[in-house]
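Here is a short note for a colleague opening this entry for the first time. Please keep the structure in view while reading.

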Amino acid sequence: MRFMMLMIPRGYETATPGTMPEAAAVARMMKYNQALQDAGILLSCDGLHPPSMGARVTFQGGKPRVSDGPFAEAKEVLGGYWMINVKSRAEAIEWASRCPAGDNEIIEVRQVQEMEDFPADVQEAAAGFETMQRGSAGR
Amino acid sequence: MRFMILVKANRDTEAGVMSEEKRIAEMTAYHEELAKAGALLDASGLQPSSRGARIVFSARGQRSVIDGPFAEAKELIAGYTIIEVKSRDEAIEWAKRMPNPAGDGKEGEIELRQLFELEDFEPSEAIDRLRQIEAGARPA
């Protein structure tokens, strides 16, 4: 089963554009990434630029409205994620606990929806989606 | 450049309410268009936070595990789509075209965030290793 480990760094909601992680923190995290890789459970991982470089789209009244970041009301934002494939929720939590995260960082562990989790009518409406999930941009 | 479109949670997604068939079909069509344009990298939905957990790392190096659900559905994520585009404007254009994930007549919100690329970092041994890991982790 797939789990997403969402890294929520406190304070990242107000980080200025162009904020980069420190080299020491990257090096620490690299050992952890390597352990995930060696265990054969790492599917993908990425870091996100601060929300001050992002945007939000709301859909009130059926019309998309764009607001540029930073988002004043945000109490917590995503800083990065790992997608892992493990045998149980307990194993996912065990891996998240091993992360060399810093003070006041939070990792949220969430199970990914698989097609077989859905009832038949939903699977039918989403036919072809699994192929799309693997992407087309050819990286 | 890659962007992640984060679909925000709401009361329905947190309660595990399935989207209507119409919305699922519209979302599938939207992802079909992304795929046709060669812009789609990855997309998934997340189960409600009630089935998840949080690990909080304290200043003293302790880790506490807190079981979901987590309050403030607006701060939570229900799913994501990763796209590869030429500019932030193009990413915003695609984001605007996404069907309202909450359903018609409901308040929906998505967040668009650029992903770090290895080229954004100063060259170092750690970054070289990350490059190798990414090459191995990503499906070919």
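Predicted model: local features only at pLDDT ≥ 70, side-chain atom pairs only at ≥ 80, totals over all residues.

The numbered points below go through sheet, hairpin, helices and cysteines in turn.

1. Six strands form an open sheet in the order S4(A)-S3(A)-S6(B)-S1(B)-S5(B)-S2(B). The pairing is antiparallel. Strand S4 (65-68) of chain A and strand S2 (40-45) of chain B stand at the edges. Each has a single partner strand, so one side of each lacks a neighbour in the sheet. On average, neighbouring strands are turned by 20° against each other, direction ignored.

2. In chain B, strand S1 (residues 2-8) and strand S6 (residues 109-114) pair over 5 bridges, in the antiparallel sense. B:Phe3 stands opposite B:Gln114 in S6(B).

3. The hairpin of chain B. Strand S3 (residues 53-57) of chain B runs antiparallel to strand S4 (residues 63-67) of chain B, and 5 bridges join the two. B:Ile55 has B:Val65 in S4(B) as its bridge partner. There are 5 residues between the strands, and B:Gly61 in this hairpin takes a positive phi near 80°.

4. Two helices of chain B. Helix H2 (residues 21-36) and helix H3 (residues 88-97) of chain B pack with their axes 10 Å apart, at an angle of about 155°. H2(B) and H3(B) are therefore roughly antiparallel to each other, since angles over 145 degrees count as such. B:Tyr30, B:Glu33 and B:Leu34 in H2(B) meet B:Trp94, B:Ala95 and B:Arg97 in H3(B). By class, this contact has 4 nonpolar, no polar and 2 charged residues. H2(B) also lies across S1, S2 and strand S5 (77-84) of chain B, running at about 160° to S2(B).

5. A helix of chain A that meets both chains. Which residues of helix H2 (residues 89-97) of chain A are buried? They are A:Ala92, A:Ile93, A:Trp95, A:Ala96 and A:Ser97. Within chain A, these buried residues pack against strand S1 (2-9), helix H1 (23-38), strand S5 (80-85) and strand S6 (105-111). They also pack against S3 and S4 of chain B, the two strands of the hairpin in point 4.

6. Cysteines. The count of disulfides over all chains is 0. For A:Cys45, the nearest cysteine sulfur is that of A:Cys99, 11 Å away. A disulfide would need the two sulfur atoms within 2.5 Å. A:Cys45 counts as buried at 9% relative accessibility. A:Cys99 is buried too, with a relative accessible area of 0%.

Methods. Residues numbered from 1 in each chain as written. Chains lettered and ligands numbered in written order. Heavy atoms only, no water. Pairing = 2+ DSSP bridges. Helix = DSSP H or I, 4+ residues; strand = E, 2+ residues; numbered from the N terminus. Buried < 20%, exposed > 50% of the residue type's maximum accessible area, 1.4 Å probe, protein only. Axes fitted to C-alpha atoms, helices over the stretch in contact; angles between N-to-C directions. Parallel < 35°, antiparallel > 145°, perpendicular 65-115°, else oblique. Contact = heavy atoms within 4.5 Å. Nonpolar A, V, L, I, M, F, W, Y, C, P; charged D, E, K, R; others polar.
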